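I opened this structure today and kept short notes as I went. Have a look at it first, then follow along.

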Amino acid sequence: MKAADEARLDALTTEASSTADGPEIDQLSVADLMAAMNERDATVATSVRSTLPSIAAAATAATARMREGGRLIYVGAGTSGRLGVLDASEVPPTFGLDGVVVGVIAGGPSALFSAAEGVEDDESAGAADLAALDVGPLDTVVGIASSGRTPYALGALAYAAEHGALTVGLACNLDTPLARVADHGIEVPVGPEIVAGSTRLGAGTATKMVLNMISTATMVQLGRTYGSLMVDMRANNAKLRHRAIRMVTEATGADDATVLRALDEADWHTKLAIAAILTGLSPAEASQALELAGGRLRTVIEERG
């Protein structure tokens, strides 16, 4: 690393120690260390709150492309990449959509379990990983890097921009290269870490919060919920079937027999069962109505209820 790059890295707030003016953490009791970490974590939500307009703008822009068939693609190295993969992996079971939210981590799947830190310095690897996904104009690519300067994420965003994708840069420092090159920059000023430079801590918490917001907001706007109910959830085990029964009952007020019959006829698709009960349509007719409404259950109910 060049001296200038080292200086810029040393200047990042996430490289500083949050306990620089207090006792060293290795001198604290376990109870006091827990208290210090909890106090530090309490500031993260406030830092995220300061960036809500930027998060909302990015989610709104991403949703518009996803309505046309585009994907939401997270890309990062190390902890940032793992958090992107984690958020993406929860979308299919929660919202019933496969392949729409994608997580890409430097070093590939094995980097989820074993550190592959050297790959983060390779801009071309970021570009190559997006090329393998055939990224195009309908896609949204979110480059994630706590430092805001990771070459792998920068290479990925550069490739995405060249191929017409919407770009979002998520960092936990201010005035970062990642935010500057993106269409939408999200910079969460989390400040120094309890363990200096360990961005799996405060920065990691902030990153997870922001990714949760983006994926949830896009799914809600795409009609994958009804009220607060995750009606596109896949009821593929006993716990989830019980949850499906509860959701249909809550949404319709129907008796147990009606709810179970509707779920059976809808092949345990919660949204379809609710639509059938509230509109009186057959499952096939309700499915067609949902398709015409872009999957928005509320639209179907308001039009036919």
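**Notes on a loop, a helix and a partner site**

I began with Thr 150, which sits in the loop between strand 3 (140–144) and helix 6 (151–162). Helices (H or I, at least four residues) and strands (E, at least two) are DSSP runs, numbered from the N terminus. The model is predicted, so I noted that local features need pLDDT of at least 70, side-chain atom pairs count only at pLDDT 80 or more, and totals for chains, interfaces and linings use all residues. Residues are numbered from 1 along each chain as its sequence is written, and side-chain values use heavy atoms, leaving out hydrogens and water.

Is Thr 150 buried or exposed? I found Thr 150 buried, with a relative accessible area of 11%. Buried means under 20% relative accessible area, exposed over 50%, partly exposed in between (1.4 Å probe, protein chains only).

Next I looked up its neighbours: Thr 150 touches Ala 77, Glu 120 and Ala 145, leaving aside residues up to four places away in sequence. Contact here means heavy atoms within 4.5 Å.

Then I moved on to helix 6, where 9 of the 12 residues are buried. Among them are Pro 151, Tyr 152 and Tyr 159. The cover over its buried residues includes strand 1 (72–76), helix 5 (123–131) and helix 7 (177–181). After helix 6 comes Gly 164, with a positive phi near 85°.

Last, I checked Phe 95 in helix 4 (residues 78–95). Phe 95 is buried too, at 9% relative accessible area. Its C-alpha atom is separated by 7.6 Å from that of Thr 225, 130 residues apart along the chain.
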